Amino acid sequence: MIAETGLAALWLAAALALLQLVLAFAGLRGGKPELLAAVRPAAVAQGVLTAIAFALLITLFLRSDMSVLLVATNSHSMKPWLYKFAGTWGNHEGSMLLWVTVMGVAGAAVALFERALRRDTHMATLGGQAAISLGFYAFLLFSSNPFARIDPPPPDGQGLNPLLQDPGLAFHPPTLYLGYVGLSVAFSFAIGALLTRQVDAAFARAMRPWVLAAWVLLTLGITAGSYWAYYELGWGGWWFWDPVENASLMPWLAATALLHSVTVLATRDALRAWTVMLAVIAFSMSMVGTFLVRSGILTSVHAFAVDPSRGSFILALLALYIGGALALFGWRIGSVREGAPFELVSRETMLVVNNLLLSVILGIVLIGTLYPLMTEAFGHKVSVGAPYFDRIAGPIALTLMIALAVGPLVRWRRDRAAAVGKRLLVPAIIALLVSVLLFAFAWGRTGILPFLGLVIALSVGGASMAPLWKRNLLRTPLFTWGMVIAHLGCAVSLAGMACDSAFTVEKLVAARPGDTIQTAGWTLRFVQIRPLAGDNWTALQADMQVDRGGTPVLIHPQSRFFSSPPTTTSEAALLTRWNGQLYVVLGDEVEDGRWQLRIWWKPFVTLIWLGGVLIALGGALALVGRERRGWLLKWRAGRSEA
Amino acid sequence: MRKLLIWLPLVLFLAFIGLFASGLFQPDDRIIHSRLVGHPLPAFTLPAGASDRSSLASAQLATGKPRLLNIFASWCVPCAAEAPQLMALKQAGVEIDAIAIRDARLDVDGFLKRYGNPYARIGLDARSEVQMALGSSGVPETFVIDGKGRIAYQHIGDIRADDVPMILDRLRDAQ
C-alpha cells in the first residue's frame, strides 16, 4: 500500500507541475491575475507531495519491503538502519526521486519566501521551475519508477555497494543534490527574467541568496566527497579527476563565477548578459554531470545505472532545457540594455577577470572529461588522467588565487593602480619571504607547482585578511566577514594541497606481527592481526602501535569483506595530528605470514578540507549577512501589522 | 560580432549534444580483451589450488592437444552459474585446467564439492599476478589454449549453455 501511495503522490505532483506551468503561462500571456493567484499554492502543494513520495520511499527502505523492486535490488534486511536509510538515494531511481523532491521543495520555497522579485518575473520563474520539474517527473514515471513491485518478492535483498556503506557517503549525495537543484532555481530565475525582460539589479538581489545557498551546499558536498574518497578508497589521494568528481566540480566552478557576477549586477548593475549566461551554464553543468554519470557513456569508479535508454531520456531533457534556455538567451538578451560602465582599474574588472579564469578552468575540465568521448567518436580510445588536469588547470588556478587576493583590495567603479599597488605591499612582502625560506629549505625537494602553491597560499592568506585592516571588526558587515573567510578558506585549501603534493612520505612494506617499521619520524609496531565481525561484514584487522617520540597510540587498519554483494574494502587507519595525518592501509597477506602495509605521512593534508569548510562557512555568513536585514525588516513589518 | 557571440553558446551546446548522442548509441565496448590472443602463454608456475588436484605450470599446457584454461574463484557467483557448462564440456572429453584467483584451498575444496570438479589441474593465484599477466580482468574467464601452448581465444564472462557449441568449435579450430 505504501508504494502505491507514493506513486500516486508522484503522479499528483506531476499533474500539479503541469497545472502550475499552464497557469503561469496563461496568466502572463492573457494578463489574468486570477490565474496567477493560483500559481503559488500549486507550487507549494507540488513541493509537499514530492516530499511525501520521498518520505514513503524512505519508509519502504527502512522496513526492508522486499516486494518493491528497488528495495530488493539495493538493500538487504541485515543492513544497519543508517544504510537502509541511505540506500534510498544510493541508486538510480531513488536519487532521481531525491532530485525531483529537492526541486519540488525548492520551488515551494521560491513560491513562499521570495518577496524581492517583481510579481510577473516571480510567476515566470515558478512557471520555468515547473517546466523543468515536468521533464524529471516524466523521466521517473515513464522510465525509472522507484515504486515498482516485484513478484514473487525475494527473501533478502542484494545489498548496497559496500563502498557506499559509510556515514560520509550517506549524506554526501543529498548535500550535493541540494546544491545542484538550488542552481535550478537560479536557472528558473534567469528564464523568468529573460521572459519578462527584467535583467537588472533588483533581479540579481533576488537571485543572489539562492545562488549563495546552492553554492554553500555544493562546496560542502564536494569537500565531503573528496574526504570520503580519501579515506574510503584507501589510495591516499584526495582528488582523482574522475568523471563523477568533475560532474560536481563543473557546476561549482560555474556557480562560483555566477556568485561573483551576480554580486556585480546587484551592487553595480553591470554584467547583465554575463550573469544570465552563467545562471544557465551553472545548472546546465549540473544536468550534464548527471547525464554523464547516469548514461554510462563515460566510465568511472562510481558511476551507476549503465543504461543507454535512460541516457537518451536525460539527453532529450538536456537538449530541450539547455538548448531552449540558450535559444531564449540569444533571442532576448539583445533587448536587455547594457549595464553601468566601469573603468579598467576597478573591482568590476577584477571580478570579470575572476569570471574569465573560472570559465577557462571550467572549459579545461569539461574538455578533459569529454575528450575520451570525442576521440571515441573518431575511433580511438584514450583516457585523460590527472596529469592533463594538474598541468593545465593548475597554473590557471594559481593565477585565479592571485586575482582573488587582489580583487577585494580594489575599489568599485574606478581606482588608481598606484593605490592598489600600495595595498598589495604586505602580501608581496610575505610572498617574497616565503619564497626565500622555501628556496633555502625545500628547493629541489618539491616540484614547481607545489612550490608556487605554497608561496601563493601564504601570501593570499595574508592578503585575504586585508579588507579587515583598520576596520572596527564588530561593525564590519557579516557579508565582508563571509568574503574574507571564504577567501582565506581558498588559501588554506591551497596550502594543504601544496603541502600534500610536496612533502608526503610514502612507504610500502611487507611486515610480520611483531615487526617494527620506521618512516617519516614515526615508529610503527605491528602488534597482531585478528579477525573481526561487524553488522554485515567480517574483517581482518591489524593492531598497530604508533608513536613519534610521545605516548604510543593504537590504530587499526582493516580489510573488510562484505558478503552481499561479495566485495572487499579497505578501511584505512587515520591518525590526525595538528601537523598532518598518518594514513595506514592493510593490504594482502604476501607469504610466510607477512602482510602488505602501505603507510603515508601526509603533512598538513587536513588543511584541504578545513579550507573547504571555511569556504562554505564564508558563504553561509554572507548569506545570513545579506538576508538578515531583509528578515528583520519583514519581521518588524509583520509585528506592526499585527 | 556581438550577435555572433550571443548565439555561440547554443551552437557549442548543440555540438555537445551531437557528441553525447553519438557516444550513447555507439556499441558499448568496455570489455578488456587480452593482447595475448594468438601468442604463447606467459610462463608461470602456481601451487596447487585444491587438495586433490595437482599444481599448474604454463609448460604443462602445451601437450599437443587443445584445452581450456578457466579462471575462476570460489567467491565468484557467476562461476557457480558456469559450473554445469564446464562439467558438460568435460563430459564431451575436453581437458580443462583452472586458475583460482585470490582464493584459499579450503574454499576451493568446498566450491568443487558443491558444484562439481571438471578440472584436471588447479593453480592458486593468490595475488592475481598470473591473471594480470594473462590479460584477464575478471572472473570467470576462459582461454582456449592450442596444442603449442598459445592462446587461441578468450571468453570473457561465464560460459552459458548456448556458448558450449561455440567453445567446442573453437577447440576444434585450435587443433
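Val426(A) sits in helix H16 (residues 425–442) of chain A; helices are DSSP runs of H or I with at least four residues, strands are runs of E with at least two, and both are numbered from the N terminus. The model is predicted, so local features need pLDDT of at least 70 and side-chain atom pairs pLDDT 80 or more, while totals for chains, interfaces and linings use all residues. Residues are numbered from 1 along each chain as its sequence is written.

**Surface**

- Val426(A) counts as exposed because its relative accessibility is 56% (exposed is over 50%, buried under 20%, partly exposed in between, with a 1.4 Å probe and protein chains only).

**The sheet**

- Four strands of chain A form an open sheet in the order S1-S10-S9-S8, with antiparallel pairing (two strands pair if DSSP finds at least two bridges between them).
- Strands S1 (505–511) and S8 (573–577) of chain A stand at the edges with a single partner strand each, so one side of each has no neighbour in the sheet.
- Strands of a sheet pair through backbone hydrogen bonds.
- Seven bridges join S1(A) to the antiparallel strand S10 (residues 595–603) of chain A.
- Glu506(A) stands opposite Trp600(A) in S10(A).

**Helices across the sheet**

- Helix H9 (residues 201–232) of chain A lies across S8, S9 (580–589) and S10 of chain A, at about 45° to S9(A) (angles run from 0 to 180 degrees between N-to-C directions, with axes fitted to C-alpha atoms, for helices over the stretch in contact); contact means heavy atoms within 4.5 Å.
- Helix H18 (residues 478–503) of chain A lies across S1 and S10 of chain A, at about 130° to S10(A).

Key
Chains lettered and ligands numbered in written order. Heavy atoms only, no water.
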